[in-house]
Amino acid sequence: MIIVSVNKAIDYFSFVTIEKQMMEKADLCELSFREILAKHEKAEGEGQVSNVPRSALETLKASGQEVRIYDSNQKLLGLAVNGIIVYDGNPLIFKGNIENALKGNYSYSVTDNKLLYFAIPIQDMYYQNIYVFEFVEDISYFYEIMNQIRYILFASAGGFLVPITLSSLFIARNTTKPIKYLLGATEKFSKQQFEQVELNRKDELGMLAAGLNRMGIQLNDYIQYQKQFVSNVSHELKTPLAAIRGFSQYLYEGDNEDKELQKIYFHLVNESDRLTLLINELLMLSRFDKAGPDEIGTEKTDLSELTGQVIADMRAKAEGKAISLEVKLEKGAFAYVNQILMSHAIANILDNAIKYSNANTHIQIETLIRQKEAVIQIRDQGIGIGEDEIAQVQERFYRARNSNEAKGSGLGLSMCKEIAEKFNGYLVIESKIDVGSTVSIVLPLV
């Protein structure tokens, strides 16, 4: 667009220059022609014979490559070519120019071979347009000059564009590279991978890197403290809780006479079981958090086979609730995972699907290959999760508003999410209230 604009600007200002020059020349020709008219009027007053067109041609024949004189009827009265008066000829005539000139206006046309035809109105003493003087100029030289100017400008622009482009790329690279590096660091922070951010700069980006380092240290310390606290509390609670669970079971099985006490003992047993499950999950999370990537053994695993084993273990639980399992396992869905942890994640999602589904419904379990990913997908027809809660149910201890009808700790999905991320995968949850949920574990395919 810039090149087109510059080109149009050159054309415009070139013609403005040509037009200005032609107007100045036209004024001089008109002045000379008026002098001839004045002499003609004086000669007529003295009774002498005078031929205006011929006198004008003799005087102005060198004014252009061609010179023409027309009367008010657009009739050609005289013609001169290259300074020589021609008495017979068939020149190119632009009638529109002559008509405009007879109306008192300057008028010109330019042909394809770069010839300019400029018509000038000539008035008598009564201000009537009685003649038209026209000269023809070859302006090809001007176009050649403009083409040379264009060539110089565009060549200079091209030569200037190369270093500008290289400089821009260099500046952009040096500007975006540290920004991408910092974005990568923040992405790792979100995955609790607190590595030192090294950016040897003294500008705002360097200050941002230093701030990220301080934030990473503080976050890491806080998370480690929180995890250690949860682990310690869980260990401390495990022994007394086991005692409470034992005594509650003993009382529930021993006292068969008082029905009210039986309900209380039964409630104690259930709550003890729920707390025991919660503490076991917290201890597992604690061990999982402390284990580094190198400490978690991974191996190439057939996810379809692993999913089939989990389904076999949990089929009885589904059938006990009159829920049918529809299984479709695709071959070739391999990924590098820890089989124990991945089995726990699949079992947790399937257990949630059974727990939050009504009787006489279906649960679809499927493994599939999608582009370069292996997917384990579990779709139920349960109570569903609100769209505004889908992100929150993946956080620790959060339970959806409509989940009170089943027991749970709020740790299951968060644990599945962390297990998937441990193996460079991710968790996808799609759900609608009273329609059902689809939970997918997506892992890199090998």
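Here come some exercises, each followed by a worked solution.

Some ground rules: this is a predicted model, where local features need pLDDT of at least 70 and side-chain atom pairs count only at pLDDT 80 or more, while totals for chains, interfaces and linings use all residues. Residues are numbered from 1 along each chain as its sequence is written, and side-chain values use heavy atoms, with hydrogens and water left out.

**Exercise 1. Find the largest nonpolar core and say which elements supply it.**

Step 1. A nonpolar core is a set of buried Ala, Val, Leu, Ile, Met, Phe, Trp, Tyr and Cys residues joined through side-chain atoms within 4.5 Å. Buried means under 20% relative accessible area, exposed means over 50%, and partly exposed is in between (1.4 Å probe, protein chains only).

Step 2. Find the core. The largest one has 39 residues, and Met342, Leu350, Ile363 and Ile441 have the most contacts inside it.

Step 3. List the suppliers. Helices H7 (303–320), H8 (339–355) and H9 (412–422) each give at least two residues, and so do strands E9 (334–337), E10 (362–370), E11 (373–379), E12 (426–432) and E13 (436–444). H8 gives the most, with eight residues. (Helices are DSSP runs of H or I with at least four residues, strands are runs of E with at least two, and both are numbered from the N terminus.)

Step 4. Look for another core. Apart from this one lies a core of 25 residues, including Phe33, Val52, Leu116 and Phe135.

**Exercise 2. Work out what methionine 342 touches beyond its neighbours within four places in sequence.**

Step 1. Count a contact when heavy atoms are within 4.5 Å.

Step 2. Read off the partners of methionine 342: Leu303, Leu306, Val337, Ile419, Phe423, Ile441 and Leu443.

**Exercise 3. How many disulfides does a search of the whole structure find?**

Step 1. Look for pairs of cysteine sulfur atoms within 2.5 Å.

Step 2. The search finds zero.

Step 3. Check a couple of cysteines for burial. Cysteine 29 has 4% relative accessibility, so it counts as buried. Cysteine 416, at 1%, counts as buried too.

**Exercise 4. Track down some salt bridges and place their partners.**

Step 1. Use the cut-off: a side-chain nitrogen of Lys or Arg within 4 Å of a carboxyl oxygen of Asp or Glu. The structure holds nine of these bridges.

Step 2. Start with lysine 25 and glutamate 137, whose closest N and O atoms are 2.0 Å apart. Lysine 25 sits in helix H1 (residues 2–45) and glutamate 137 in strand E6 (residues 129–138), so the pair ties together parts that are 112 residues apart in sequence. Glutamate 137 is buried, at 18% relative accessible area.

Step 3. Move to aspartate 351 and lysine 355, with closest N and O atoms 3.7 Å apart. They're separated by about one helical turn because they lie four residues apart in helix H8. Aspartate 351 is buried at 16%, whereas lysine 355 is partly exposed at 24%.

Step 4. Now try helix H9, where glutamate 421 and lysine 417 lie four residues apart, about one turn of the helix. Their side chains meet in a salt bridge (3.1 Å, N to O). Glutamate 421 is partly exposed at 35%, and lysine 417 is partly exposed at 25%.

Step 5. Finish with a network: salt bridges that share partners join Glu66, Arg68 and Glu134.
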